[in-house]
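Please look over the sequence and the model below. The report that follows walks through one chain, its partner and the contacts that join them.

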Amino acid sequence: MFAIGLYILLGVLTALSAVLLNLAYRLLRADPLESEKSASRLGSIKNALLGYALINDDWMPDARVKGGLIFNRKMNRIEISGRLSDDSLHRAFR
Amino acid sequence: MIACTVPSAESKPQAEFKYAGWIPTVAGRLSFRHVGESRHPTYSVYANVAADSRRILLGYQKRPLSDALFPRLTNRWTQHSGDFWFVIHAENPDGADTGDAITGTIYLYKSESDWLEKAKTSLAAAIKSLNALRLSNDAARDALVVDHHERAQDVLLGTADISTKFKMQRTGEVYFSEPTFLDPVLKANSIAFATRQRHDFLKWIADQAYFFLRDISHQHQHHDLTEDTILILRDLDAAGLTWREQIIYSLYFRIIRAKRSHEFPDAIRALGIMAYCRSFKNISRSKFKQAQREMPIYNDIALRESIRARIEEDAQRKRAEETKAINRATSAANFRIVGLTLVLAALTVIAIFAPEIVGSGINEIIAKKFAPYLLPALAYLMLAIIFIMFVSSSLVLEWKEVMEISLVRRKEAAAFYMILVVFILGLVLLLAPVANRVREREWRALISSLEAPVAKKIGQPHPKPVPLSKGSSK
């Protein structure tokens, strides 16, 4: 039974490597202009992870980043958050 | 000399309200009967009751507003919370049938604990009571409705973190006041942080209240449910016309952006947004005329024709792509069926004839060396094929968050994933012989356990288990 478990693990690992290879391929084939514009709004991996994408605060709505709110309990404040809009992701990875 | 007068309809909202916007309505008239009902982002809980003298509105909705990519993982570490509760407390004071405006206040609770402790029980009970009174024939019905409504307001005024007054007209024009805070420390901290990021925090809160009002008053058509940045609030100017121009510019920006997309439904959505744009221009025309100011001019006829041409092109390309995709899917399905059939057939043949192959004299050294690995290798290959074909395709399509975070350093992320692939495949190659050895040990143990009782029965000594050696089949 342990052997069957090991074989399943090998199958899963092989599948995972196929998924990662596909991700790498899509990243390399992404539209460079849209990717650069989106990346400049994200700034850093930490900003992307925590939802702190840079938002254009203007009378014209920001089509690239959709905004939200976060309540920061530690600092007792409400913060403006943002992440890339679905449309922007779609344009980058068309 | 052109006199620029302030339209009389604008002076009232201007005194009390700071921001203006529009709830899209193609017909040019909102139905107040349905205000409160929403399925996005979560189901709302509401009561919309028409009394004799007015229409009463009370409702709430949980709105997850955090944009963190993996909030369940990161929120524990950062002590962030992205769930907010929005409450509408409003009425149509001129009567359910004739009144053309809803006025009231939108309240906001910043966390689940605040909401549950301070307001949920009372408001849920009030909404339930109001809904029960909706079809009641009780003579005191109207008085009871007003009573529940006012009690709810007392709860909200004393407990909500933020409140903002609003006025929504039947044409969809909305006006919001500057938000007020219950806790001055919360206000100061929030504004200070937003100012460092160069944001107008109070307008941002008003925008969120506007998105809530729009979600409970309007059905999202011609755009994705998650897109809330087509229209936002504008600063209400003295003439009350600049914000209208900005709404028109925003709508055209969205139309042109959709038209430039090469995806099939986007151009069709552009036509839908054009319909909204036309509706808003019709609503605003009298205001511009009164001020003797010209509305922004766009060549709508040419734009519409261009969008229709794009729709035709996209439809044709989509049809060709779909045909190719169907052909590819059919070939892939046939390949899978044939592949699996051959693998299963090969496994069956090998299982039946493996002992004979080993003992038949066909290069016994090679056969003895590889036979123990043949079955497990084929079993592993079959499992891997099944996982890759049927499972991995769905995983790849849904990893939106991983794609977004990878965009920050696109090429570095791609290189990292490829290194990870090499590492994983190396691990697989290392583990495969281990799995084979474990399988062989288990197989021998199984055979011994089966042979021992048989040998005992016929009086033969139990065959000694042959010590394992690499490549040995005995």
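How much accessible surface does chain B have, and what share of it belongs to carbon and sulfur atoms? The accessible surface of chain B comes to about 25,700 Å², and 60% of that belongs to carbon and sulfur atoms. Accessible areas come from the Shrake-Rupley method with a 1.4 Å probe, and for residues only the protein chains shown count as cover.

## Ground rules

This is a predicted model, in which local features need pLDDT of at least 70, side-chain atom pairs count only at pLDDT 80 or more, and totals for chains, interfaces and linings use all residues. Residues are numbered from 1 along each chain as its sequence is written, chains are lettered from A and ligands numbered from 1 in the order in which they are written, and side-chain values use heavy atoms, with hydrogens and water left out.

## Chain B overall

Chain B has 13 helices and 10 strands. Both are DSSP runs numbered from the N terminus: helices are H or I with at least four residues, strands are E with at least two. Of the 474 residues in chain B, 43% are buried. Buried means under 20% relative accessible area, exposed means over 50%, and partly exposed lies in between (1.4 Å probe, protein chains only).

Take the contacts in chain B between residues at least 6 apart in sequence: 70% of them join residues at least 24 apart. A contact here means heavy atoms within 4.5 Å.

## The A–B interface

The interface draws 76 residues from chain A and 89 residues from chain B. Together the two chains bury about 7,800 Å², with 70% of it on carbon and sulfur atoms. Buried area is the accessible area (1.4 Å probe) that two parts lose on being put together, summed over both.

Between chain A and chain B there is 1 salt bridge. It pairs the side chains of Glu404(B) and Arg83(A), at 3.0 Å from N to O. A salt bridge needs a side-chain nitrogen of Lys or Arg within 4 Å of a carboxyl oxygen of Asp or Glu. Polar contacts across the interface join 16 residue pairs, both residues at pLDDT 80 or more. A polar contact is a pair of N or O atoms within 3.5 Å; within protein, one must be able to donate a hydrogen and the other to accept it, and residues adjacent in sequence count only if both atoms are side-chain atoms.

## The chain A side

Several elements of chain A each supply at least two residues to the side that touches chain B, including helix H1 (2–29), strand E1 (65–72) and strand E2 (77–84). H1(A) gives the most, with 24 residues. This side of chain A divides into 45 nonpolar, 17 polar and 14 charged residues. Ala, Val, Leu, Ile, Met, Phe, Trp, Tyr, Cys and Pro count as nonpolar, Asp, Glu, Lys and Arg as charged, and the others, Gly among them, as polar.

Leu10(A) lies in helix H1 of chain A. Leu10(A) is buried, at 1% relative accessible area. Leaving aside neighbours within four places in sequence, Leu10(A) is in contact with Tyr380(B), Val428(B), Leu431(B), Ala432(B) and Ala435(B). Leu10(A) and Arg83(A) are 73 residues apart in sequence and 36 Å apart in space, C-alpha to C-alpha.

## Salt bridges within chain B

Over all chains, the count is 24 salt bridges. One of them joins the side chains of Glu245(B) and Arg293(B), at 3.3 Å from N to O. Glu245(B) lies in helix H8 (residues 242–260) and Arg293(B) in the loop between helix H9 (264–290) and helix H10 (300–359), so the pair ties together parts 48 residues apart in sequence. Glu245(B) is buried at 14% relative accessibility, whereas Arg293(B) is partly exposed at 28%.

Helix H10 of chain B holds the pair Asp314(B) and Arg317(B); they are 3 residues apart, so about one helical turn separates them. Their closest N and O atoms are 2.9 Å apart in a salt bridge. Asp314(B) is buried at 2%, and Arg317(B) is partly exposed at 32%.

## A buried glutamine

Gln61(B) sits in strand E3 (residues 55–64) of chain B. Its relative accessible area is 0%, which means that Gln61(B) is buried. The side chains of Gln61(B) and Arg63(B) form a polar contact of 2.7 Å. Beyond neighbours within four places in sequence, Gln61(B) is in contact with residues including His40(B), Tyr43(B), Trp85(B) and Phe212(B).
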